[in-house]
Amino acid sequence: MVIDGDRGGMDADHGGRTGNEKKLAWPGVTNRPDQGPEAGPAGEPEAGPAGEPEAGPAGEPEAGPAGEPEAGADLPPSTDPESEGGASRSVLGPSAHRPGGGLAALSLPYQVAAALALSVIGLLACAHIAMIFLHVAPSNTLTKQHGEVVDDWVFPEFEQNWKLFAPNPLQQNISVHVRAEVADNGADGSSITRWINLSRDDGESIRGNLLPSHVDQNELRRAWDFYTGSHDSENRPNGLRGELSELYIRRIVMLRLAEHGYGGTVERFQVRSAVRSVGAPPWSAEKISTRPEYKELPWWTVAPSDLPRTAAADQAAQAGQAER
């Protein structure tokens, strides 16, 4: 007891705590986190003469005249349009009108026009999908009754083919031949040329050429496919497409004959196709005949529409001189 009293007195003499004082929970720390700011040793604001905090040196607001808010008082939300966030609170309040986007932002006439345009586009898209489906679908009642309507819609802009994924690739070589009846200039007779293999000429132009022409590769082949696909077995055209395909093949043939140049005027010409099956590979035991099968078209008399404009003009001039 004496020791405690002496120790307590010694603590009091040395600035310590007396016996009835409690030890701080955080030694060396004067303020707890949950306590307000007090006078601290390291730059913390000290109490003024009357125990009130002094005004800070950095222009902290002091109590102004009567009627003005003191420093630290809660201020109402700013309504100044230039202040941060004030414009959104004052201009766009909860009751402010916010225009919608899309069709809702248009006036009534424009909304009606836009709705009609979208409806027409949707109907056209559905009709196009239906036509393409009927075109590629197997033969059925609709295609038998309305096949011409479907073909008129699909060809030639929306033609469908499966060459990349063809289950039955071509197993035949098809070549197009032509011969012409040429009138000898200055003589009364005419002569018939030999058969000219136009497909072979295209093949020679392609072979060894790093950049072959699209005309040499596909013009004659596609024209012949167009012709055979739009004519029946009796060589009768199937509507307007058949007539156009005939004009197309006639124009191509006359252009090719002009390149050969036989020294006379072509009066008539005849076209035929030679179909030859591709032979079986050496390792196969399959027997395939490679003899060509010919299909000859009737003789066609040359018309002005079969010639280019310059050639047609020259032929008309020659005919006029012959009549004189």
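1. Where is the place of Asp225? Asp225 is in helix α6, helices being DSSP runs of H or I with at least four residues and strands runs of E with at least two, both numbered from the N terminus. With a relative accessible area of 36%, Asp225 is partly exposed; buried means under 20%, exposed over 50% and partly exposed in between, with a 1.4 Å probe and protein chains only. Asp225 and Ile174 are 51 residues apart in sequence, and their C-alpha atoms are 10.0 Å apart in space.

2. A word on the basis of these notes. This is a predicted model, in which local features need pLDDT of at least 70 and side-chain atom pairs count only at pLDDT 80 or more, while totals for chains, interfaces and linings use all residues. Residues are numbered from 1 along each chain as its sequence is written, and side-chain values use heavy atoms, with hydrogens and water left out.

3. Now the overall layout. The chain has eight helices and six strands, and along the sequence they follow the pattern α-α-α-α-β-β-β-α-α-α-β-β-β-α. Of the 324 residues in the chain, 17% are buried. The accessible surface (Shrake-Rupley method, 1.4 Å probe; for residues, only the protein chains shown count as cover) comes to about 24900 Å², and carbon and sulfur atoms hold 56% of that. Among contacts (heavy atoms within 4.5 Å) with a separation of 6 or more, 51% come from residues 24 or more positions apart.

4. Next, the nonpolar cores. A nonpolar core is a set of buried Ala, Val, Leu, Ile, Met, Phe, Trp, Tyr and Cys residues joined through side-chain atoms within 4.5 Å. The largest one has 22 residues, of which Val178, Ile249, Val253, Leu257, Phe269 and Val271 touch the most other members. Two or more residues come from each of β1, α6, α7 and β4, and α7 gives the most, with five. Leaving aside neighbours within four places in sequence, Val253 is in contact with Val178, Leu198, Phe269 and Val271. Another core, of five residues, lies apart from the largest one and includes Ile132, Leu134, Val150 and Val154.

5. The salt bridges deserve a look of their own. Side chains of opposite charge can pair when their charged atoms come close. Taking a salt bridge as a side-chain nitrogen of Lys or Arg within 4 Å of a carboxyl oxygen of Asp or Glu, the count is six. In one of them, Glu181 pairs with Arg268, with the closest N and O atoms 2.7 Å apart. Glu181 lies in strand β1 (residues 172-184) and Arg268 in strand β4 (residues 264-277), so this pair ties together parts 87 residues apart in sequence. Glu181 is buried at 13% relative accessible area, whereas Arg268 is partly exposed at 31%.

6. Arg256 meets Glu219 at 3.2 Å, N to O. Arg256 lies in helix α7 (residues 239-260) and Glu219 in helix α6 (residues 214-229), so the pair ties together parts 37 residues apart in sequence. Arg256 is buried, with a relative accessible area of 9%, and Glu219 is partly exposed at 23%. Asp202, Glu219 and Arg256 are linked in a network of salt bridges. Arg250 forms a salt bridge with Asp306, the closest N and O atoms being 2.7 Å apart. Arg250 is in helix α7 and Asp306 in the loop between β6 (300-301) and α8 (309-323), 56 residues apart; both residues are buried.

7. Which residues form one aromatic cluster? They are Trp224, Tyr227, Phe269 and Trp300. Rings of Phe, Tyr and Trp (its six-membered ring) pair if their centres lie within 6.5 Å; planes under 30 degrees apart count as stacked, over 60 as edge-to-face and the rest as tilted. The whole structure has three aromatic pairs. Trp224 and Tyr227 are stacked, at 5.6 Å centre to centre with 25 degrees between the planes. Both lie in helix α6, three residues apart, about one turn of the helix. The ring centres of Tyr227 and Trp300 are 6.2 Å apart and the planes are at 70 degrees, so that pair is edge-to-face. Tyr227 lies in helix α6 and Trp300 in strand β6, so the pair ties together parts 73 residues apart in sequence. Both Tyr227 and Trp300 are buried.
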